Amino acid sequence: MRLYSLEIKNFKSFCPEGIKLDFRPGMTMIGGPNGSGKSNIGDSLLFVLGTRSSKTVRADKMDDLIHIPKEGQRRKNEAYVTAVFVNETDSENFEKLEISRVIEDINGEIRSTYYLNGKKARHTDIDKVMEDMGLQLDSYSFVLQGDINDFIKRTGTERRKLLETIAGIESYNMKIDAAKEQINEIEKNVAASETLQAEI
Ligand code: ATP
Ligand code: MG
């Protein structure tokens, strides 16, 4: 699946009218002067895909993500992002997936709501979709500003771990660890059973 469009309303530097970006196949570049909102576009994507931490999207608190208007304008109490992904490999089975996230500030309390193809969804549903697409928020599916510098500065072991994550090996390592734990558990049970058998 590829990213097809991104709609951003009242999120960070984007005003209530918002913007809609259409991405064509291939590579898309977004240019602009410092502070013009380029990284905010990346943040909006991490946001809609379910980031739980405001730090990931460069904000102290989740409510900082809601657009702060220029003087004299009233601040709205919600921010909205929709991402559309498509699978165009087969023109007969054109697959479309629309994910939306809205955060509302309700008297200082932040409520986050997700929608999958227009229907209300849970955070875990978004996690599932991400897993199916092979995307991971906390890995290198997203290379953010400064990440390349960070990569160059890493030690060999750290770099290897990162490459394993990119290659998708990490999830297998996790499965191996889980299986080893199960084996340990079973071996304990077998030992206990053998003791019992010997007693009998
Ligand atoms: P650079 O080239 O320096 O990396 P950039 O184009 O990536 O810049 P961003 O970091 O995306 O810029 O945007 C920063 C701007 O977003 C700042 O001007 C900041 O004031 C604005 N901004 C962030 N949060 C909000 C908000 N809640 N309301 C209004 N503006 C916001
Ligand atoms: Mg930037």
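# Ligands, sheet and a buried threonine

Me: Which residues come nearest to ligand 1?
Reply: This is a predicted model, where local features need pLDDT of at least 70, side-chain atom pairs count only at pLDDT 80 or more, and totals for chains, interfaces and linings use all residues. Residues are numbered from 1 along each chain as written, chains are lettered from A and ligands numbered from 1 in written order, and side-chain values use heavy atoms, without hydrogens and water. A residue is near a molecule if one of its heavy atoms lies within 4 Å of it. Of the 16 residues around ligand 1, the nearest are Gly35, Lys38, Ser39, Asn40 and Ile68.

Me: How many Å lie between a polar side-chain atom of Lys38 and an oxygen atom of ligand 1?
Reply: One oxygen is 3.3 Å from a polar backbone atom of Ser36. Another entry is Arg58, with a side-chain N or O atom 3.0 Å from an oxygen of ligand 1. For Lys38, the distance is 2.7 Å.

Me: Which residues coordinate the magnesium ion (ligand 2)?
Reply: Donors are N, O and S atoms within 2.8 Å of the metal (3.2 Å for Na, K and Ca); water is not among the atoms, so the site may look incomplete. Two atoms, OG and OE1, sit at 2.0 to 2.1 Å. They belong to Ser39 and Gln145.

Me: How many residues apart are Ser39 and Gln145?
Reply: Ser39 is in helix α1 (residues 38–48). Gln145 is in the loop between α2 (123–133) and α3 (147–153). Helices are DSSP runs of H or I, at least four residues, and strands are runs of E, at least two. The pair is separated by 106 residues.

Me: Which strands stand at the edges of the sheet?
Reply: Six strands form an open antiparallel sheet, ordered β2-β1-β3-β4-β5-β6. Strands pair if DSSP finds at least two bridges between them. Each edge strand has a single partner, so one side is left without a neighbour in the sheet. The edges are β2 (19–22) and β6 (119–121).

Me: Is Thr82 buried or exposed?
Reply: Thr82 is found in strand β3. Buried means under 20% relative accessible area, exposed over 50%, partly exposed in between (1.4 Å probe, protein chains only). At 4%, Thr82 is buried.

Conventions:
Polar contact = N/O pair within 3.5 Å; in protein donor to acceptor, adjacent residues only side chain to side chain.
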